[in-house]
Amino acid sequence: MTREYHFRTATDLGREQTELLQEMLDERTRQLIEPAVRPGARCLEIGAGSGSVARWLAGRGASVVAVDLDTEQLTDLRDVAVLRHDINEGVPPGGPFDLIHARTVLMHLQRREQILGELAAALAPGGMLALGEVCLHDPPRLLAVPEPGDAEVFQRVLGMAREAFTGPNGMALDWGLEMDGHLAAAGLQEVRSELFGEPAVGGATVGRYVRNLLLQLSPALAERGCAQSDLDRFAELFLDPRMRCWYLHFVFSSGVKANGAATPTS
Ligand SMILES: C[S@@+](CC[C@H](N)C(=O)[O-])C[C@H]1O[C@@H](n2cnc3c(N)ncnc32)[C@H](O)[C@@H]1O
């Protein structure tokens with residue numbers, strides 16, 4: 001299968017991307033998964049990125065398997081079994097799991113619904129499946145720009161990115177809003193979801209995250225005919241505090257496998 005993920009964790013920009021995700025999301029992620037974490041709990045971290053969640057789980061005494069397509073950022077993890085693994089190829093060994101967590105991974109994968117079902121099936125009775133996603137405002141809502149002409153740059157660049165990387169064969173921008181229903185349909189109980197976010201402001205964390213994603217996609221956008229001057233101005237804009245827009249929000253969803261529910265043998 002060709003690689004569906006358009007970004008590269010094993011690059012400087014990929015490292016900055018995962019650092020910004022940690023800054024924006026780690027505290028809430030820990031609150032979400034904490035009820036499933038105890039010494040000896042078997043945990044699977046999918047698309048582990050820089051490993052901040054896997055490291056926290058191991059620090060709590062859990063037994064952790066961390067998988068990613070790129071494991072270059074997962075070198076200094078103590079007490080974590082790190083595996084280079086494509087989750088399209090199935091759930092890795094080590095289950096059934098008391099916690100399975102994936103953050104901003106499934107939205108990139110075509111088989112996301114099927115994979116969610118496979119993950120639910122790999123839970124131990126009482127185990128939690130916890131998912132986090134980025135959703136994009138469609139269309140984005142521009143609130144303020146520094147210079148005349150910036151609104152047009154914003155629309156041109158984001159319009160082209162949307163056309164190139166989303167839709168039936170690309171990232172699913174509203175998958176986050178659908179996860180709750182899929183967790184319930186997979187037979188999980190205590191399904192809960194929360195939606196949160198803030199405007200992207202140039203230079204602030206969310207603004208730098210948007211800039212980072214666009215910088216990673218810039219070579220492909222330039223190949224598709226996006227003007228380099230637009231890409232350069234876009235990158236400047238998202239460092240300028242006078243630039244404000246609604247561009248993305250986050251959704252976290254979780255569900256728990258019933259105690260006594262059948263567990264597949266592995
Ligand atoms: C946006 S990053 C998120 C990293 C981390 N979960 C976080 O939130 O900080 C997505 C990660 O998923 C990994 N990934 C993408 N497709 C994958 C797949 N099919 N199987 C395993 N990992 C995958 C990427 O390499 C990347 O490290």
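## Around L129

L129 makes contact with I100, L116, L119, A120, L123, L183, L188, S253, S254 and G255, leaving aside residues up to four places away in sequence. Keep in mind as you explore that this is a predicted model.

The largest nonpolar core has 86 residues, and L57 and L129 are the ones that touch the most other members. Strand β5, which covers residues 123–144, gives the most to this core, with eight residues. As general background, nonpolar side chains in soluble globular proteins tend to be buried together.

## A strand residue, I46

Let's turn to strand β1, which spans residues 42–46 and includes I46. Is I46 buried or exposed? I46 has a relative accessible area of 2%; the cut-off for buried is under 20%, so I46 counts as buried.

Which residues surround I46? Not counting residues up to four places away in sequence, I46 touches V67, I87, I100, H101, A102, R103, V105 and L119.

Next comes helix α5, residues 175–185, whose buried residues are W175, G176, M179 and L183. These residues cover an arc of only 85 degrees around the axis, so they sit on the same side of α5. L177 and A185 are exposed on the other side of α5.

What do the buried residues of α5 pack against? Their partners are α3 (112–121), β5, β6 (189–196) and β8 (244–256). After α5 comes G187, which has a positive phi, near 90 degrees.

## Where α4 meets α7

Finally, have a look at a pair of helices. Helix α4 (residues 150–165) packs with helix α7 (residues 228–237) at an angle of about 110 degrees, and their axes are 9 Å apart. Because of that angle, α4 is roughly perpendicular to α7.

On the α4 side, the contact is made by D150, V153, F154, R156, V157 and L158. On the α7 side, D230, L231, R233, F234 and L237 take part. Sorted by class, this contact of α4 with α7 has seven nonpolar and four charged residues, with no polar ones.

How values were computed
Residues numbered from 1 in each chain as written. Predicted model: local features only at pLDDT ≥ 70, side-chain atom pairs only at ≥ 80, totals over all residues. Heavy atoms only, no water. Core = buried A, V, L, I, M, F, W, Y, C linked by side-chain atoms within 4.5 Å. Buried < 20%, exposed > 50% of the residue type's maximum accessible area, 1.4 Å probe, protein only. Helix = DSSP H or I, 4+ residues; strand = E, 2+ residues; numbered from the N terminus. Contact = heavy atoms within 4.5 Å. Axes fitted to C-alpha atoms, helices over the stretch in contact; angles between N-to-C directions. Parallel < 35°, antiparallel > 145°, perpendicular 65-115°, else oblique. Nonpolar A, V, L, I, M, F, W, Y, C, P; charged D, E, K, R; others polar. Arc of directions from axis to C-beta.
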